[in-house]
Amino acid sequence: MRFTSEQRLDDGVVEREFTLGEIPGTLWTPGSAPAPLILMAHNNGLPKAEPRLVARARYTAARGYAVAAIDAAGCGDRPRSADEERARAEFRRAMQAGEPADEVFESYIGPLVHNAVPDWRTTLDALLELPGIEGPVGYSGGWAALGIRLAVAEPRIAAAGFFAGGYVPRAQREEARQITVPLLFLLQWDDEGNPRERALELFDAFGSKEKTLHANPGGHTGTPWFELEDGCRFLDRHLK
């Protein structure tokens with residue numbers, strides 16, 4: 001892992017850009033150490049520099065966590081394969097035409113998740129070798145499909161917070177039954193891109209004995225800021 005830039009923010013959080021092989025990432029660390037680690041991913045492959053992700057990461061780091069985000073394979077500014085570009089173009093065409101998009105989502109999101117998981121696990125290995133960062137590890141992010149796969153595949157993840165606004169392929173919906181870590185699930189009741197019935201079915205499928213659903217009125221980007229505060233309290237209970 002090679003750090004390429006560093007800046008100290010007003011709240012004492014240190015923000016550093018890094019590269020790990022072909023993986024670009026950002027690490028936010030608090031002024032105190034050691035700190036539990038949070039992996040933070042945005043919905044379905046949007047970049048690590050997406051403003052809402054950065055705001056969440058900085059807030060969470062100021063609460064005493066090390067927070068990492070990456071552009072995994074096929075995500076953010078990383079190169080995309082011809083198949084990924086075709087799937088993305090087909091999805092846009094279907095959405096603009098008002099056609100059912102589930103099968104298109106399956107062909108686009110499923111491979112993204114499959115390709116992203118190895119990069120996240122490689123990053124996790126490297127981050128836990130850094131001084132001042134330790135387990136347990138949490139996942140917090142809008143990309144629920146990725147979080148589900150990671151929580152099943154990665155035993156170091158001890159708690160997870162998911163946003164119900166992203167499409168979860170059938171394979172990840174089945175994997176949700178294998179998740180046993182404490183879970184916080186956020187749902188926007190009027191999310192235009194994710195019917196609430198599908199989100200409620202996914203919540204019901206999670207195998208965790210401790211799982212909490214927070215639902216708020218409004219569309220996809222209308223999650224209240226206080227949910228970030230509640231999310232940090234959830235992490236505090238299970239990671240500190």
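The questions and answers below go through how a few descriptions of this predicted model are reached.

Local features of the predicted model need pLDDT of at least 70 and side-chain atom pairs count only at pLDDT 80 or more, while totals for chains, interfaces and linings use all residues. Residues are numbered from 1 along each chain as its sequence is written, and side-chain values use heavy atoms, with hydrogens and water left out.

Q: What makes up the count of helices and strands in the protein?
A: The protein has seven helices and nine strands, where helices (H or I, at least four residues) and strands (E, at least two) are DSSP runs, numbered from the N terminus.

Q: Why is the protein called as compact as a globular protein of its length?
A: The radius of gyration, taken over C-alpha atoms, is set against the globule rule, which is 2.2 Å times the number of residues to the power 0.38. For 240 residues the rule gives 18 Å, and the protein has 17 Å, which is close to that value, so the protein is as compact as a globular protein of that length.

Q: Why is T123 called buried?
A: Buried means under 20% relative accessible area, exposed means over 50%, and partly exposed lies in between, with a 1.4 Å probe and protein chains only. T123 has a relative accessible area of 0%, so T123 is buried. This residue lies in helix 3 and, not counting residues up to four places away in sequence, touches F18, L20, I23 and I70, contact meaning heavy atoms within 4.5 Å.

Q: What makes helix 4 a mostly covered helix?
A: Eight of the 10 residues of helix 4, which runs over residues 144-153, are buried; among them are L146, I148 and L150. The cover over the buried residues of helix 4 includes strand 4 (35-41), helix 3 (102-127) and helix 6 (196-205).

Q: What makes a set of residues a nonpolar core?
A: The set must consist of buried Ala, Val, Leu, Ile, Met, Phe, Trp, Tyr and Cys residues joined through side-chain atoms within 4.5 Å. The largest such core has 56 residues, and those with the most contacts inside it include W120, L146 and F206. Helix 3 supplies the largest share of this core, 12 residues. A second, separate core of 19 residues includes L9, V13, V54 and L184.

Q: Which residues are in contact with F206, leaving aside its neighbours within four places in sequence?
A: F206 is in contact with I148, F162, A176, I179, L183, F185 and K211.
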